[in-house]
Amino acid sequence: MAQALRLAERGLTTTQPNPRVGCVIAHGERMVGQGWHERAGEPHAEVYALREAGEQARGATAYVTLEPCAHHGRTPPCADALIAAGVARVVIAAEDPFPQVAGKGIEKLRAAGITVESGLMREAAREINIGFFSRIERHRPWVRVKLAMSLDGRTALANGESKWITGEAARADVQRWRARSSAILTGVGTVLADNPQLTVRLPLPDEDGGQPRDPFSPTRVILDRHLRTPAGSHVLDGQTPTLVLHAASANVTDDRFANVERVAIAEQGDGLNLHAVLALLAGRGCSELHVEAGPTLCGSLFAAGLVDELLIYMAPLLLGDTARPLLTLPPLADMASRWKLQMMDCRAVGIDLRLRLRPAA
């Protein structure tokens, strides 16, 4: 199963909106076939593994990181393929919560006389598809907020200048996190200040040393309540799918947005309703949402309890107390009200440190 999980990880940047899945077919400890889901619309992991195993699949055990599908989507059911191949046993890491699959794949396999076990390395399997499980179970994407800061917790000078806080290695690392995401979200303030491209701009090499694979192209999502994004902005170039979310009252009479999609979203307070934004994106198949925005939008998401993970790059420099903060958050009355975080990972990336944190339970 550990090998099946490693195979599943090869699809981190290519399977959207499908989950990442790996499969190993073995007789005892001898592997006879392995495969992984490479791209939506192409064969699933089980099919590739069965092709490699051939007749050796008969009587074998299939280790699959996610419950085999039992319905006809863009490809035939994997449960049927396993049955037809004559496997004797299927070991599943995590059950599939998708309504058209949930439990049905296991039922179909057992009805065919195949022994089915589930739960082996379940948490690791869920982690690989953390956005997929969030979208299906919580009806909103997994929200990952990326921030770059100085040692004193500042993200830009008082005048807004922020290029570059972190080094080249950290900026390249960010591209990988963008590439594994369904969408990249920012606010109009960042568009006005930085004119970002919000695209994946480097080839992603195969982790096993193979040829680089073209990643899935995440949708750019711009929160622009009053449609202030100026003509000529990179996010309006039409080269990458872009969704501009605005208030229903916003009006535009020119053709600035001719190359992108616009959708009106309900307002809440002095901004757009962030819960409605996430619900809309989930309905469009968005599993992992990567946020690169200023302290106001990031702070609003965090204060609303909508941030699932913080990805913070900390540079060995100081910007001073007049520089802009990491997050704009409401004041706390006492230390008991402080926001607690759980450190998931801390590692050096070039000259910088990368912290991966999640709100503590």
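Q: Two strands pair if DSSP finds at least two bridges between them. With that in mind, in what order do the 9 strands of the open sheet stand?

A: In this predicted model, the order is β11-β10-β9-β8-β14-β6-β15-β18-β17, and the pairing is mixed. On average, neighbouring strands of this sheet are turned by 20° against each other, with direction ignored.

Q: Why do β11 (261-264) and β17 stand at the edges?

A: Each of these two strands has a single partner strand, so one side of each is left without a neighbour in the sheet.

Q: What makes β10 and β11 a pair?

A: The cut-off is at least two bridges. Strand β10 (residues 242-246) and β11 are joined over 4 bridges in the parallel sense, so they qualify as a pair. Within this pairing, H246 stands opposite A264 in β11.

Q: Which helices lie on or across these strands?

A: Helix α6 (residues 130-137) packs on the sheet and touches β6 (142-149), β14 (288-291) and β18 (352-359). The direction of α6 makes about 130° with that of β6. Helix α10 lies across β6, β8 (183-187), β9 (219-223), β14, β15 (309-314) and β17, and runs at about 115° to β8.

Q: How many aromatic pairs does the structure hold, and why is the pair of F132 and F133 called edge-to-face?

A: There are 2 aromatic pairs. The ring centres of F132 and F133 are 5.7 Å apart and their planes stand at 75°. Centres within 6.5 Å make a pair, and planes over 60 degrees apart count as edge-to-face, so F132 and F133 meet both conditions.

Q: Are F132 and F133 buried or exposed?

A: Buried means under 20% relative accessible area. F132 comes to 6%, so it is buried, and F133 comes to 3%, so it is buried too.

Q: What makes the pair of F302 and W339 edge-to-face?

A: Their ring centres are 6.1 Å apart and their planes are at 70°, so the pair passes the 6.5 Å and 60 degree cut-offs.

Q: Which parts does the pair of F302 and W339 tie together?

A: F302 lies in helix α10 (residues 295-303), and W339 lies in the loop between β16 (324-325) and β17 (341-349), so the pair ties together parts that are 37 residues apart in sequence. F302 has 10% relative accessibility and counts as buried, whereas W339 has 35% and counts as partly exposed.

Q: How do you know that the charged end of R171 sits over the ring of W164?

A: The charged end of R171 is 4.5 Å from the ring centre of W164, and the distance limit for such a contact is 6 Å.

Q: Which residues have the most contacts inside the largest nonpolar core?

A: They are M1, I25, L50, L82, V87, V90 and L109, in a core of 40 residues. Strand β4 (residues 89-94) gives the largest share of this core, 5 residues. V87 touches L50, A57, G59, A60, L82 and I114, not counting residues up to four places away in sequence. A second, separate core has 35 residues, including L245, V307, I312 and L355.

Q: Why is R178 called buried?

A: Its relative accessible area is 6%, which is under 20%, so R178 counts as buried. R178 sits in helix α7 (residues 168-179). Leaving aside neighbours within four places in sequence, R178 is in contact with residues that include I184, L198, H290 and E292.

Q: What makes phi of H139 and L227 worth a look?

A: Most residues other than glycine have a negative phi. H139, in the loop between α6 and β6, has a positive phi near 60°. L227, in the loop between β9 and β10, has a positive phi near 55°. H139 is exposed, because its relative accessible area of 57% is over 50%. L227 is buried, because its value of 4% is under 20%.

Q: Where is the cis peptide bond that joins Q16 and P17?

A: P17 is found in the loop between α1 and β1, and omega of the bond is about 0°.

Definitions and conventions: Residues are numbered from 1 along each chain as its sequence is written. This is a predicted model: local features need pLDDT of at least 70, side-chain atom pairs count only at pLDDT 80 or more; totals for chains, interfaces and linings use all residues. Side-chain values use heavy atoms; hydrogens and water are left out. Rings of Phe, Tyr and Trp (its six-membered ring) pair if their centres lie within 6.5 Å; planes under 30 degrees apart count as stacked, over 60 as edge-to-face and the rest as tilted. Buried means under 20% relative accessible area, exposed over 50%, partly exposed in between (1.4 Å probe, protein chains only). A charge sits over a ring if NZ of Lys or CZ of Arg is within 6 Å of the ring centre and within 35 degrees of the ring normal. A nonpolar core is a set of buried Ala, Val, Leu, Ile, Met, Phe, Trp, Tyr and Cys residues joined through side-chain atoms within 4.5 Å. Contact means heavy atoms within 4.5 Å. Axes are lines fitted to C-alpha atoms, for helices over the stretch in contact, and angles run from 0 to 180 degrees between N-to-C directions.
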